[in-house]
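Trainee: I would like to know what the labels on a model like this rest on. Can we take them one at a time, with the cut-offs?

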Amino acid sequence: RCASRPDRVRRGWLAAGVALALAATSGAAQAPYVAPARAPDGVAVLPLPPAPGSPQDNAALALFRATRALEGSPRWRMATDDVTNAPLDRYACAMGMRIDARRAPALAALLDRIGTGERVGPVKEHYRKARPYLGTDAPICEPRTDHLARNGDYPSGHAANGWLEALVLVQL
């Protein structure tokens, strides 16, 4: 459960975040934060995904199977919501306040602009690690689509975005 914070702390965080986000997103054309030619090569810097049948791969599959029992629980609903919710929704509890794009348009624009897809996508394409639900009828937290089935399981786009968004919010 999310602990509440005094209103003045909430207002201070919001004001600081909006001011910094406004400064970061000002300007006519929005160039990428890191020029593609200067971005690190994910294949070169990330470890290999677990080999099929390895202890790490078997542990990941066992965790996938075990968490299917959570279907319908509050934790399952949280994971389902995480598929489609916006960053400001994901971090409302941790920030101690609810804000939205209408109240913090610059912060929302900043979080929309910094996604990790351009860095993670090529690595997923390189490894083509199959998602654990493929070949099963086990429930998953989002609709089964062809895009999801073709989108590799490694590295995790959700984990990469979570780290990036959290680092930005901590700095703000």
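Mentor: Start with two tyrosines: Tyr127 is buried, and Tyr154 is buried as well. This is a predicted model, in which local features need pLDDT of at least 70, side-chain atom pairs count only at pLDDT 80 or more, and totals for chains, interfaces and linings use all residues. Residues are numbered from 1 along each chain as its sequence is written, and side-chain values use heavy atoms, with hydrogens and water left out.

Trainee: What makes a residue buried or exposed?

Mentor: Buried means under 20% relative accessible area, exposed means over 50%, and partly exposed is in between (1.4 Å probe, protein chains only). Buried residues make up 27% of the 172 residues in the protein.

Trainee: How many aromatic pairs does the structure hold?

Mentor: The structure holds 1 aromatic pair. The ring centres of Tyr127 and Tyr154 are 5.8 Å apart and their planes stand at 65°, so the pair is edge-to-face. The rule is that rings of Phe, Tyr and Trp (its six-membered ring) pair if their centres lie within 6.5 Å; planes under 30 degrees apart are stacked, over 60 edge-to-face, and the rest tilted.

Trainee: Which parts of the chain does the pair link?

Mentor: Distant ones: Tyr127 is in helix H8 (residues 117–127) and Tyr154 is in the loop between helix H9 (146–150) and helix H10 (157–171), 27 residues apart. Helices (H or I, at least four residues) and strands (E, at least two) are DSSP runs, numbered from the N terminus. The protein has 10 helices and 0 strands.

Trainee: What is the peptide bond from Tyr154 to Pro155 called?

Mentor: That bond is cis, with omega near -10°, and Pro155 is in the loop between H9 and H10. Arg128 has a positive phi of about 50° although it is not a glycine. Most residues other than glycine have a negative phi, and most peptide bonds are trans, so both cases are worth a remark.

Trainee: Why is Arg128 called exposed?

Mentor: Arg128 has a relative accessible area of 60%, which is over 50%, so it is exposed. Arg128 lies in the loop between H8 and H9. Met78, in helix H4 (residues 74–84), has 52%, so Met78 is exposed too.

Trainee: Which residues touch the most other members of the largest nonpolar core?

Mentor: Of its 14 residues, these are Leu88, Met95, Ile99, Leu107, Leu111 and Leu169. Helix H7 (105–113) and H10 each supply at least two residues of this core, and H7 gives the most, with 4 residues. A second, separate core of 5 residues includes Phe64, Tyr133, Ala138 and Ile140.

Trainee: What makes a set of residues a nonpolar core?

Mentor: The members are buried Ala, Val, Leu, Ile, Met, Phe, Trp, Tyr and Cys residues joined through side-chain atoms within 4.5 Å. A contact means heavy atoms within 4.5 Å. Leaving out residues up to four places away in sequence, Leu88 touches several residues, among them Asp100.

Trainee: Where is confidence lowest and where is it highest?

Mentor: The pLDDT is the predictor's confidence in each residue, from 0 to 100. The protein averages 82, and 80% of the residues score at least 70. The lowest mean, 46, is in helix H1 (residues 7–25), and the highest, 96, is in helix H3 (residues 55–67). Over residues 3–28 the pLDDT is below 50.
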